[in-house]
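Here is a short report on one predicted model.

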Amino acid sequence: MKLKLESSEFGERQAIFIAEIVERIKIKLQEAGVGQDKLEDLTASIALSIAGVIDDLAPIEVDGVEVHPYLTFRTEDDELLHCGENAYTHEQVYRAMKRAFGF
């Protein structure tokens, strides 16, 4: 696999990725019967929590093994797109929430 550094293309894909995560969280909470009064807050809270893990903002360590995720996107069979640093999906959550909830 080749790593391709392309920040702007990465940012576009990252925005699509987190928007899909937000939408899937919203749908699953609706399917579970979460009322409209709690749906938006729970969706945002869960999405930000997941984004923090993806972005390596929250420490992950089990039995002395540290885990540090590094987000990439496959663009071709042998190519991974990255931005040269940790992802910043948490910064995209608000925009994704606006789209999912129409505000």
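## Overall fold

Among contacts in the chain with a separation of 6 or more, 67% join residues 24 or more positions apart. Contact means heavy atoms within 4.5 Å. The model is predicted, so local features need pLDDT of at least 70, side-chain atom pairs count only at pLDDT 80 or more, and totals for chains, interfaces and linings use all residues. Residues are numbered from 1 along each chain as its sequence is written, and side-chain values use heavy atoms, with hydrogens and water left out.

The chain has three helices and five strands. Their order from the N terminus is β-α-α-β-β-β-β-α. Helices (H or I, at least four residues) and strands (E, at least two) are DSSP runs, numbered from the N terminus. The C-alpha atoms fill a box of roughly 45 × 35 × 20 Å, taken along the principal axes. Of the 103 residues, 33% count as buried. Buried means under 20% relative accessible area, exposed means over 50%, and partly exposed lies in between (1.4 Å probe, protein chains only).

## Helix α1 against α2

Two packed helices are described by the angle between their axes and the distance between the axes. Axes here are lines fitted to C-alpha atoms, for helices over the stretch in contact, and angles run from 0 to 180 degrees between N-to-C directions. Helix α1 spans residues 7-31 and helix α2 residues 36-54. Their axes come within 9 Å and cross at roughly 140°. The two helices are therefore oblique to each other. Angles under 35 degrees count as roughly parallel, over 145 as roughly antiparallel, 65 to 115 as roughly perpendicular and the rest as oblique.

The crossing of α1 and α2 is right-handed. A crossing is right-handed if the near helix is turned clockwise from the far one by less than a right angle, and left-handed if anticlockwise. On the α1 side, the contact is made by Phe17, Ile18, Ile21, Val22, Ile25, Lys26, Leu29 and Gln30. On the α2 side are Gln36, Leu39, Leu42, Thr43, Ile46, Ala47, Ile50, Ala51 and Ile54. These residues divide into 13 nonpolar, three polar and one charged. Ala, Val, Leu, Ile, Met, Phe, Trp, Tyr, Cys and Pro count as nonpolar, Asp, Glu, Lys and Arg as charged, and the others, Gly among them, as polar.

## Helix α3 against its partners

Helices α1 and α3 pack at an angle of about 50°, with their axes 9 Å apart. That makes α1 oblique to α3. Their crossing is right-handed. Ile18, Ala19, Val22, Glu23 and Lys26 in α1 meet Val93, Ala96, Met97, Arg99, Ala100 and Phe101 in α3.

The axes of α2 and α3 come within 11 Å and cross at roughly 145°. This crossing is right-handed. From α2, Leu39, Glu40, Thr43, Ala44, Ala47, Leu48 and Ala51 meet Val93, Met97 and Phe101 in α3. Here the residues divide into eight nonpolar, one polar and one charged.

## The nonpolar core

The largest nonpolar core has 22 residues. Such a core is a set of buried Ala, Val, Leu, Ile, Met, Phe, Trp, Tyr and Cys residues joined through side-chain atoms within 4.5 Å. Phe10, Ile18, Val22, Leu71, Val93 and Met97 touch the most other members. The elements that give two or more residues to this core are α1, α2 and α3. The largest share, seven residues, comes from α1.

Leaving out residues up to four places away in sequence, Leu71 touches Phe10, Gln14, Phe17, Ile54, Leu81, His82, Ala87 and Thr89.

Gln92 sits in the loop between β5 and α3. It is buried, at 9% relative accessibility. Beyond residues up to four places away in sequence, Gln92 touches Gly11, Gln14, Ala15 and Ile18.

Asn86 is also found in the loop between β5 (79-82) and α3 (93-101). Asn86 is partly exposed, with a relative accessible area of 33%. Apart from neighbours within four places in sequence, Asn86 contacts Asp55, Asp56, Pro69 and Tyr70. Gly102 lies in the segment after α3 and is exposed, at 65% relative accessible area.
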